[in-house]
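Let's take a walk through this one together. Have a look at the structure first, and then we'll go through it piece by piece.

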Amino acid sequence: MRFVVKGGRLRTLMGLGNLAMGMTLCATVHAQDQASTTKAKADADGRTADEVMPTILVRGKRTLNVDIRRDRDDIQPYVVFDAEQIARSGAQTIEGFLQTYLPMNAQQTTSSQLGPQVSPNGRIDLRGLGSDQTLVLVDGRRLPSISTGDSFKQANINGISMSQIERIEILPATASGIYGGGATGGVINIILKRDYSGFDVDVNYGGALDGAVRQYRLGVSGGFSLEGGRTQVLFSASQANAGVLQSSQRDFTRRGAQQQLRNDPTDPSVLMGGANICSTDDGFTCSTQPLQLKSGKSLSSAFTSVPANYTGAASDGGAALAGKAGQLQFEAAMPIWSAPETTTFTFNTRREFATGIEAYVDFARDNSKNALAMPTPNLQYVPASAAVNPFQQDVLSYLTVPDGVVQRQVVKNTRVYAGAIARLPYQWSAVLDYGWLRSTTTSTNSTVLGAASPTADETLQGEVFRDISASPLSDLNSLFTFFKQNGKVGNTLKTLSLRLSGPVVELPGGKLTATALLERRNETSDDAVDTSDVGGMSAFYWTPEAHRRVDAQYLELRAPLISPGNNVPFVNTLELMASVRHDGYRTDFSGSSIEVDSAAGPFTPQAPSINSFGSTSHTLGFRYAPTRDVTFRASHGTGFLPPDLGQIRSSTPALFSSFLISLLDLRDPALGNSLIPGPLMVLAGGSASLMPEKSKSSSLGMILTPRIVPGLRISLDYTDIRKTNEVSKLPLSYFVDQEAAFPGRVVRGPGSDGQPGPITQIDSTLFNLASSRLRALDIQAEYATTSEALGHLRFYAAATHTMELSRSVQAGAPAVERSGFSDGPLKWRGNVGVDWSKNAWSAGWNAQYYDNYRACQSTLSAFSCSQWETWQGASKVPSHVYHDLYVSYDFFAASGALRGTDISFGVNNVFNNQGPTISSAIAYSVGATSYFDPRLRRYTLSLRKHF
């Protein structure tokens with residue numbers, strides 16, 4: 001990897017470097033005054049000088065977090081979870097924990113609910129702006145993106161063991177002024193434990209109380225010192241696994257289908273989940289016409305199902321089918337919850353070579369893999385004329401073959417960091433850090449396309465009327481046409497950074513501190529060949545490697561102007577912060593998904609393309625407390641989202657025939673709305689000229705800590721995010737109708753008689769046009785009290801009210817509101833709970849609230865939305881609440897084998913709330929809202945032993 005910086009970037013780097021050096025010189029000039037003032041302040045309030053200084057970079061031995069330590073009272077509205085809160089949750093993955101306990105997270109479903117047949121990238125979605133706009137860090141550092149062949153997606157963090165996390169810091173607001181591109185929705189920093197001493201064993205076991213699914217996690221960690229403490233060695237390892245919850249083990253599908261059947265029995269999706277049959281008039285939807293056997297017997301219902309062990313209508317003329325009239329079954333086993341098998345290992349060593357100079361090597365590896373047997377559903381049409389059909393009507397059935405295909409996915413992440421920490425004079429520090437990170441995903445997926453041949457179709461028609469679960473089909477490949485896909489994609493990220501931090505000058509309220517960063521990132525997606533197979537015919541698609549280089553310079557200043565010790569009337573505290581960051585992006589790529597002869601090529605070189613831009617972002621904020629009881633805080637920041645690789649890669653031009661043009665009804669208003677003549681060249685896909693999406697974020701908040709109620713803290717924070725320049729895709733007709741507004745997008749042939757020529761080409765490639773706005777209110781409250789009789793009590797609550805999340809896709813078009821719809825964030829979402837501890841005992845309760853929401857999606861037409869609401873039987877899905885309990889005991893006072901042992905037991909969804917029933921098409925295979933865990937009431941037993 002070469003680190004070459006030219007032109008303006010070099011001047012910017014030198015400018016920031018000079019600024020950092022200037023700050024160091026200022027620190028030297030003011031060193032004696034600063035040292036004496038700091039000592040005086042430390043003596044005044046009983047703290048050490050190091051404790052007066054803010055925790056920045058890697059001060060101390062507990063962490064390798066290279067970001068400034070953030071807390072909930074920061075100038076910006078951070079949310080922080082510590083290790084105890086994470087452990088008490090019983091969550092199996094980070095994604096699952098944040099979906100439940102972070103109200104600002106608009107994530108719809110976790111990977112545990114979706115399974116491996118989907119993309120392996122992370123799905124955490126702050127504010128509902130999209131997972132690609134939530135930046136995820138580990139110890140303040142970026143992770144390699146998940147490559148999907150044509151895109152850089154959010155990193156997958158579910159392989160990190162929950163027991164390895166010390167704390168999670170979340171900023172749910174635009175943060176590019178500190179963290180760079182991709183943080184328009186916010187940032188999540190996962191800080192790992194680095195303070196192991198001795199040897200610890202952590203065992204976690206749990207599952208659904210009805211025994212439907214089990215899970216376990218085993219972790220070991222330890223640390224020791226050598227050379228009289230100059231060398232420290234830390235390590236940890238863990239393994240976790242869980243069973244699979246099948247739809248047949250819950251009645252969600254049955255409830256959803258029965259509700260839809262009552263409200264709109266014509267959609268064939270009600271047949272899914274078992275050997276169910278309905279009459280049909282058109283071969284695509286169910287009819288309300290009652291089924292009637294060819295013998296003349298009416299079933300008085302349009303539905304029936306196949307009895308257990310039934311061998312077909314030839315045995316009884318369909319009498320057994322008549323006996324099941326109006327009854328549907330849902331015995332097919334569709335996975336609705338699973339967790340990957342994860343294995344993690346970390347190793348860290350730090351050595352002090354001289355006073356104030358340390359070097360470190362940090363290694364981490366996590367693997368997660370999942371394999372699920374998926375039923376094979378196929379909508380089967382059987383005409384009344386078929387000999388195997390005992391009914392006088394045409395019928396439909398979702399022929400579901402148990403365990404038809406297996407979906408597999410393996411994600412591997414490796415992180416290696418090496419660096420040096422220098423404790424400079426006058427409380428300055430520097431960190432030189434090199435990182436090599438690698439992420440790979442291997443997957444195999446299959447989907448049924450239909451019957452393999454007319455002969456196979458005739459065979460499958462007969463299988464509709466017998467119990468294939470009792471007597472399975474043989475040779476599925478001869479009966480069905482499968483679309484099979486397998487491949488391996490990967491990303492490699494190399495980083496080199498220099499961080500400087502320390503005090504600059506003494507201010508009345510404390511020290512002006514500065515943190516500066518110079519960073520180079522090189523990210524490369526692999527050459528990837530994806531293999532597809534349709535009915536035994538293989539095709540190979542090559543995605544050439546792409547390179548993204550980012551040069552970043554960052555400076556953050558914090559200025560405590562006034563502190564309580566200054567005794568200024570009506571100003572207890574006044575602190576300012578400012579940050580500025582410049583990111584220069586260059587992405588080199590070629591081609592898109594290109595068909596090749598085989599997995600070995602040949603690979604014809606593609607024309608190179610470049611997407612390059614620079615973006616400067618900033619954050620400004622202040623914190624003002626007129627008294628100790630109330631604090632006001634406000635911040636404003638700008639941000640950007642770099643165009644995704646899939647958005648800048650173009651697609652092969654398409655030639656539309658006159659027939660296709662007529663089907664699309666493409667007309668030319670400049671020529672009397674006549675149909676555009678064919679052939680028409682259409683350019684689609686991405687564009688190398690795309691610029692980053694821009695955002696502006698403002699927050700205004702208040703923190704109440706009234707002395708009249710010691711231990712009480714209440715915070716209210718309003719966040720407003722406005723996005724512009726968003727990447728948009730518009731229909732072809734829009735460019736034709738607005739030709740003057742998009743010069744060059746519509747190309748015409750020569751005209752005659754003063755008339756414009758015919759349209760010969762339309763460029764519909766992506767471009768920057770759309771805009772969005774988010775307005776949200778976050779509320780946090782906590783009251784803690786301690787007494788000899790009751791012990792320690794802590795009451796807490798957190799809630800988010802999303803007032804608006806709107807998006808305008810086309811210029812001049814009205815904005816579409818997404819909040820409160822099934823595809824957007826909830827209007828209200830929150831948690832409330834209480835923790836108690838006394839001596840060795842502790843216990844707690846937590847309740848999660850999810851607001852009601854529209855059953856349909858915000859982007860659906862009025863007609864489609866009406867259809868979804870008809871299925872649901874209501875316009876909204878009702879609100880729901882879930883309750884969790886835990887209790888633990890610490891044998892700290894015990895002797896013998898129990899000493900150093902902590903045991904805890906927790907129950908999630910104590911009241912076994914099954915959530916509202918969903919009958920809309922988006923979730924008919926599950927039948928339950930995505931905002932809860934389908935395992936229902938479940939338990940977690942944890943045992944921790946320190947040696």
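Start with residues 1-60, where pLDDT stays under 50. This is a predicted model, and pLDDT is the predictor's confidence in each residue, from 0 to 100. Where that score is low, the predicted coordinates should not be read in detail. For the protein as a whole, the average pLDDT is 85, and 90% of the residues score at least 70.

Now for the cysteines. How many disulfides does a search of the whole structure find? It turns up two. If you number the bonded cysteines in sequence order, they pair up as 1-2, 3-4.

One of these links ties C278 to C286, with 2.2 Å from S to S. Turn to the S-S bond itself and you'll find an angle of -85 degrees about it, making the link of C278 and C286 left-handed. Is C278 buried or exposed? C278 has 0% relative accessibility, so it counts as buried. C286 has a relative accessible area of 4%, and since buried means under 20%, C286 is buried as well.

The other link joins C856 and C865, whose sulfur atoms sit 1.8 Å apart. Both C856 and C865 are buried too.

Next, the empty spaces. Rolling a probe the size of a water molecule over the atoms shows where empty space is left. In this structure there are 15 cavities of 30 Å³ or more. Let's pick the second largest cavity, which holds about 280 Å³ of space.

One last stop is R423, which you'll find in strand β17 (residues 395-424). Its relative accessibility is 29%, so R423 counts as partly exposed. Look for T355 while you're there: R423 and T355 are 68 residues apart along the chain, yet their C-alpha atoms are separated by 8.1 Å.

Terms used
Residues numbered from 1 in each chain as written. Predicted model: local features only at pLDDT ≥ 70, side-chain atom pairs only at ≥ 80, totals over all residues. Heavy atoms only, no water. Contact = heavy atoms within 4.5 Å. Disulfide = S-S within 2.5 Å. Buried < 20%, exposed > 50% of the residue type's maximum accessible area, 1.4 Å probe, protein only. 1 Å grid on protein atoms, 1.4 Å probe; cavity = no way out; pocket = protein on both sides within 12 Å on 5 of 7 lines; lining within 4 Å. Points joined across faces, edges and corners; volume = space filled by probe spheres on them. Helix = DSSP H or I, 4+ residues; strand = E, 2+ residues; numbered from the N terminus.
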